[in-house]
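Please walk through this chain with me. I would like to go from the overall fold to one residue and its surroundings.

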Amino acid sequence: MHWRNSHFQIRHFLAGRAHTPDEAYRVLCELAEERESALEAAHASFLRTDARVQQLRAWWRQAACWFVPGLRSSTLADLMMLHHDSRRGLELVRVAQAELDYIRTLIAEVQPHRKFSHLPDAEAHQVAQAEQWRLELLWRIENNLVALGTIPPEQLEVMRLHPDWNSTLLPHIDRVRRLVSEGRVAELPAHVPVLIGSA
């Protein structure tokens, strides 16, 4: 249990990698679910640790361990280790909670910009994929043609599966090839982050 991603990573490389507010929202929801699950598991672990501490203390008080060689020091060592783990665990939970709070802040930030916010999340996440993938494939076209001068066959196969292949993707390939051949790569748009602002 600890922080998994820095604020900068979340804003610029995870949610920021999305091409639409709805995709950024979906990614943020997944991150929030993961952190919530980790925090719940940590709380369950604390309960188990507390039960074990109570058990060892009761055993210690019964003095049963006082007459068995090595058992007294072993019990004391177990108690000290559990105490150390609990203190460290509480700090890690605090950091994970702070990460979850930041993710929730970003969810609130992106929410007003979503196209499908009127739908339940499960449905909205599905409906938003066609646009997200179209924009992602346009981005891949640009990156591949600028970096390699070609589109790898496996990428081309994915592009041809999208319903907007003929109407949008293929014409974009021709346009980007022309810009690259004329040395006008600077005219390609930069990625526009969904979340604006600092981490």
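Trainee: What should I know about the model and its numbering?
Mentor: This is a predicted model: local features need pLDDT of at least 70, side-chain atom pairs count only at pLDDT 80 or more, and totals for chains, interfaces and linings use all residues. Side-chain values use heavy atoms, with hydrogens and water left out, and residues are numbered from 1 along each chain as its sequence is written.

Trainee: How many helices and strands are in the chain?
Mentor: Helices (H or I, at least four residues) and strands (E, at least two) are DSSP runs, numbered from the N terminus. The pattern along the sequence is α-α-α-α-α-α-α. The count is seven helices and zero strands.

Trainee: Which helix gives the largest share of the lining of the largest pocket?
Mentor: A pocket, on a 1 Å grid over the protein atoms alone, is an open set of points where a 1.4 Å probe fits, with protein on both sides within 12 Å along at least five of seven lines; lining residues have an atom within 4 Å of a point. The lining is H19, L135, L138, W139, E142, H172, P189, A190, H191 and V192. Four of these residues come from helix α5 (residues 129-147).

Trainee: Why does H19 count as buried?
Mentor: H19 sits in the loop between α1 (7-14) and α2 (21-62). It counts as buried because its relative accessibility is 15%.

Trainee: Which side chain does the side chain of H19 join in a polar contact of 2.8 Å?
Mentor: A polar contact is a pair of N or O atoms within 3.5 Å; within protein, one must be able to donate a hydrogen and the other to accept it, and residues adjacent in sequence count only if both atoms are side-chain atoms. Leaving aside neighbours within four places in sequence, H19 is in contact (heavy atoms within 4.5 Å) with Q132, L135, E136, W139, H191 and V194. The polar partner at 2.8 Å is E136.

How values were computed. Buried < 20%, exposed > 50% of the residue type's maximum accessible area, 1.4 Å probe, protein only.
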